[in-house]
Amino acid sequence: MDESKVLHSGMLRAVLAILQWWGFNVTVIIMNKWIFEKLDFKFPLTVSCIHFVCSTIGAFVAIKFLKIKPLIEVKYQDRWRRIFPMSFVFCINIVLGNVSLRYIPVSFMQTIKSFTPATTVILQWLVWRKVFEWRIWASLVPIVGGILLTSITELSFNVLGFCAALFGCLATSTKTILAESLLHGYKFDSINTVYYMAPYATMILAIPAMLIEGAGVMNWLYTHQSIYSSSVIIFSSGILAFCLNFSIFYVIHSTTAVTFNVAGNMKVAVAVLVSWLIFRNPISAMNAFGCAVTLLGCTFYGYVRHRLSQQAVVPGMPRTPRTPRGRMEMISLVNDKQDKV
């Protein structure tokens, strides 16, 4: 009886963790699109910078005052040699995600972001000469096919938005790969990661945002009719962006790797559906089919990686140990599905 209660309690905790993760993730994406489209605040660099500032403050409060997680001490030289390069790529990734949202629908942007597993494998194969099992390559076929079908049939196609989303996948993959080498020896959780990376990302982006978008932002402040309510929405998106990182920390500690992978792909489907209900962007039947194929391909890829990680030795591929809970948390953050910070 006790075991049954523990099992049900664990399942309930996992479901609640996934639902709050979905809620924060979808809300941040929809709010960003609303800011660009409905509030006419078409400044992705500034929005990203606001998110970094909110994440910096949020992580500081969470660690220093609320003591939610203990601070992981990082040597001063490692902050510049390891954390700063990661923060730079991290910054590029978030900016590209917001730029893509500025020009293309949420449904198309989210589908393209699902291309990240393929770019990760290809980068490791081309740059690091890593050899992969044939099943890994086979699992990428539906992802690539689904992306091609979605891109060809997208009714709101925009070259700049498409390129931003595609290069965002490359940035996400680069982060994932760099995390394994640059952060070796540090067991970061998502809160500590934001604590160290967000301030650097703010420093990196603040000056370009002011130079490129400063005049436009000032003009928007003088001409926009509802400054107060619009500002509340913009800064609220930054606060929710930080909460999203905290939700990632919670969901990873409440679910298994397989559940996390499946929930991540279902989250994309939820974001696509919600965005369509709100913005009513045209989606053809073939476009929806391509999106579905891509998401199923991502789920299959995650399943294959999980199965291979359980094997002691895989022919033709270096041994891949099971991802420790701490490392898995780091990888999930730098992947994002969002992800979004």
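The second largest pocket holds about 240 Å³ of space, and of the 18 residues that line this pocket, Ala-269, Val-272, Ala-288, Cys-291 and Ala-292 are the closest to its centre. The model is a predicted one, in which local features need pLDDT of at least 70 and side-chain atom pairs count only at pLDDT 80 or more, while totals for chains, interfaces and linings use all residues. Residues are numbered from 1 along each chain as its sequence is written, and side-chain values use heavy atoms, with hydrogens and water left out.

**Pocket lining**

- A pocket is, on a 1 Å grid over the protein atoms alone, an open set of points where a 1.4 Å probe fits, with protein on both sides within 12 Å along at least five of seven lines, and lining residues have an atom within 4 Å of a point.
- Helix H4 (106-113), helix H10 (257-279) and helix H11 (285-310) each supply at least two residues of the lining of the second largest pocket, and H11 gives the most, with 7 residues; helices here are DSSP runs (H or I, at least four residues) numbered from the N terminus.
- By class, the lining of the second largest pocket comprises 11 nonpolar, 6 polar and 1 charged residues.

**Salt bridges**

- The whole structure contains 6 salt bridges, each defined as a side-chain nitrogen of Lys or Arg within 4 Å of a carboxyl oxygen of Asp or Glu.
- Arg-81 forms a salt bridge with Asp-78, with the closest N and O atoms 2.8 Å apart, and the two residues, being 3 residues apart in helix H3 (residues 76-103), are separated by about one helical turn.
- Arg-81 is exposed, at a relative accessible area of 55%, whereas Asp-78 is buried, at 4% (buried means under 20% relative accessible area, exposed over 50%, and partly exposed in between, with a 1.4 Å probe and protein chains only).
- Arg-135, partly exposed at 30%, and Glu-133, buried at 6%, meet through their side chains in a salt bridge of 3.0 Å, N to O.
- Salt bridges that share partners also join Asp-78, Arg-81 and Arg-82 into one network.
- Asp-40 forms a salt bridge with Lys-42, the closest N and O atoms being 3.4 Å apart; Asp-40 is partly exposed at 43%, and Lys-42 is partly exposed at 33%.

**Nonpolar surface patch**

- Val-53, Ile-57, Phe-60, Val-61, Phe-65, Leu-66 and Ile-68 make a nonpolar surface patch of about 630 Å², where patch residues have over 30% relative accessible area and no salt bridge, and nonpolar side chains are joined within 5 Å.
- Phe-65 lies in helix H2 (residues 44-65) and is exposed, with a relative accessible area of 59%.

Terms used
Patch = residues over 30% accessible without salt bridge, like charges linked within 9 Å, V, L, I, M, F, W, Y side chains within 5 Å. Areas by Shrake-Rupley, 256 points an atom, 1.4 Å probe, with all protein chains shown as cover. Points joined across faces, edges and corners; volume = space filled by probe spheres on them. Nonpolar A, V, L, I, M, F, W, Y, C, P; charged D, E, K, R; others polar.
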